[in-house]
Amino acid sequence: MGPVSADLPVIDLASPDIAAATKSIRKALVDYGFLYVINHGIDDATMKSVYAESKKFFEQSMEEKMALEKNSSHRGYIRPDFEGFEADAGGKGDLLECFHIGSGKSQDVNQWPSAERFPSWKETMEKYYDCAMATSKKIMSLIALSLDLDAEFFQPDGSETILRPIHYSGNAMESKYGSDHGANAHTDYGMLTLLSTDGTPGLQICRDKDARPQLWEDVHHIQGALVVNIGDLLERWTNNVYRSTLHRVLMVGKERYSVAFFVWPSPDTMVTCIESCCSEANPPRSSSIIKIFDMFGYLSYLMLSKSDTFSDIRLLGVMNTWSRD
Ligand SMILES: O=C(O)CCC(=O)C(=O)O
Ligand SMILES: [Fe+2]
């Protein structure tokens, strides 16, 4: 039997029928945790230039790229096989290389390639960031409506939201951490992820992570559509009604570029089980109310709680030091 293709729903963000879109989004997030959006508002020119800039950056020598290695604010270049903290990956590093860019509106802790060699990089990335943020707001308001909340309930925010251009070389490489995948099996951590790819296959989802053997379904490319999925934070917020689905990227022997956008609410958001997601028959699964201090503090918390060793709110303030050199 050949690989199975995931038949993900397609949501048209330009549709005037909000009730129908809300209904489809609910079904998609209950069944898959993944969907496609079309008419998402990121225009072709912006999309093309972000890929052109990304390619130009990753084509540089390792030494040039490492000059912008990620800083203490986790912004900048992350080399292949660098980090592998995902619970299901057993600590393997990913073979992808990527670059983290934050909003930089209030305080710019980003790293920018030299304006001489990359005259349009900053402007291009900022444009994409702003468009992706506008798209995320539209999606989050549909998600809010689908949970019987006000359309403005979720407030995507620039302080922790990260734009991440990604490059997969396509070649097998000697991995320090025993990796064989571009991106090992993981769930995303935050509220929402928008993903665009260059159309090269490799992305797969696993809807039931406990099934053995696991069934991996290919997420095929739809020209002009973005892939959207939710992360652990929203899964928790919805009392597991909406699903943060396991996914991975296989190396298919061909170079691949993608652009992920990880959306977070503001760091002072209180996350308590959403009313429409709990009842006497379905009480809140997580006992505590959590407050997100910062994305990496939250990651530390998640990693520890995923390992079932701790599940204590106090860990939230801990700054993440899990990257391994
Ligand atoms: O590159 C892709 O298609 C997916 C990347 C991904 O899952 C991630 O960066 O979290
Ligand atoms: Fe992911």
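Analyst: Two strands pair if DSSP finds at least two bridges between them. Strands (E, at least two residues) and helices (H or I, at least four) are DSSP runs, numbered from the N terminus. The model is predicted, so that local features need pLDDT of at least 70 and side-chain atom pairs count only at pLDDT 80 or more, while totals for chains, interfaces and linings use all residues. Residues are numbered from 1 along each chain as its sequence is written, and chains are lettered from A and ligands numbered from 1 in the order in which they are written.

An open sheet of five strands runs in the order E1-E10-E9-E12-E7, with mixed pairing. Its edges are formed by strand E1 (4-5) and strand E7 (183-186), each of which pairs on one side only. Within this sheet, strand E9 (residues 203-206) and strand E10 (residues 217-218) are joined in the antiparallel sense over two bridges. Ile205 has Glu217 of E10 as its bridge partner. The loop between E9 and E10 contains Pro213. A cis peptide bond, with omega about -5°, links Arg212 to Pro213.

A further open sheet has eight strands in the order E2-E3-E11-E8-E13-E6-E5-E4, again with mixed pairing. Strand E2 (10-12) and strand E4 (76-78) lie at its edges; each has a single partner strand, so one side of each is left without a neighbour in the sheet. From one strand to the next the twist averages 25°. E6 and E13 pair in the antiparallel sense, and nine bridges connect them. Ile166 takes Ser258 of E13 as its bridge partner.

Contact here requires C-beta atoms, placed from the backbone, within 7 Å; axes are lines fitted to C-alpha atoms, for helices over the stretch in contact, and angles run from 0 to 180 degrees between N-to-C directions. Helix H1 (residues 18-31) touches E2, strand E3 (34-38) and strand E11 (226-230), and its direction makes about 155° with that of E2. H2, in turn, touches strand E5 (97-100), E6, E8 and E13, and its direction makes about 110° with that of E13.

Both helices also meet H4. The axes of helix H2 (residues 44-58) and helix H4 (residues 121-146) come within 9 Å and cross at roughly 135°. H2 and H4 are therefore oblique to each other, since angles under 35 degrees count as roughly parallel, over 145 as roughly antiparallel, 65 to 115 as roughly perpendicular and the rest as oblique. H2 contributes Thr46, Ser49, Val50 and Glu53 to the contact, and H4 contributes Trp121, Thr124, Met125, Lys127, Tyr128 and Cys131.

The axes of H1 and H4 likewise come within 9 Å, and they cross at roughly 85°. H1 is thus roughly perpendicular to H4. On the H1 side the contact is made by Ala21, Thr22, Ile25 and Arg26, and on the H4 side by Leu142, Ile143, Leu145 and Ser146.

A residue is near the ligand if its C-beta atom, placed from the backbone, lies within 6 Å of it. The residues around ligand 1 are Arg164, Ile166, Ala183, Asp188, Leu195, Thr197, Leu203, His247, Val249, Ser258 and Ala260. Strand E6 (156-168), strand E8 (192-197), strand E12 (246-249) and strand E13 (256-265) are the elements that give two or more residues to this shell. Ile166 and Ser258, which belong to the shell, are also bridge partners.

Definitions and conventions:
Contact = placed C-beta atoms within 7 Å.
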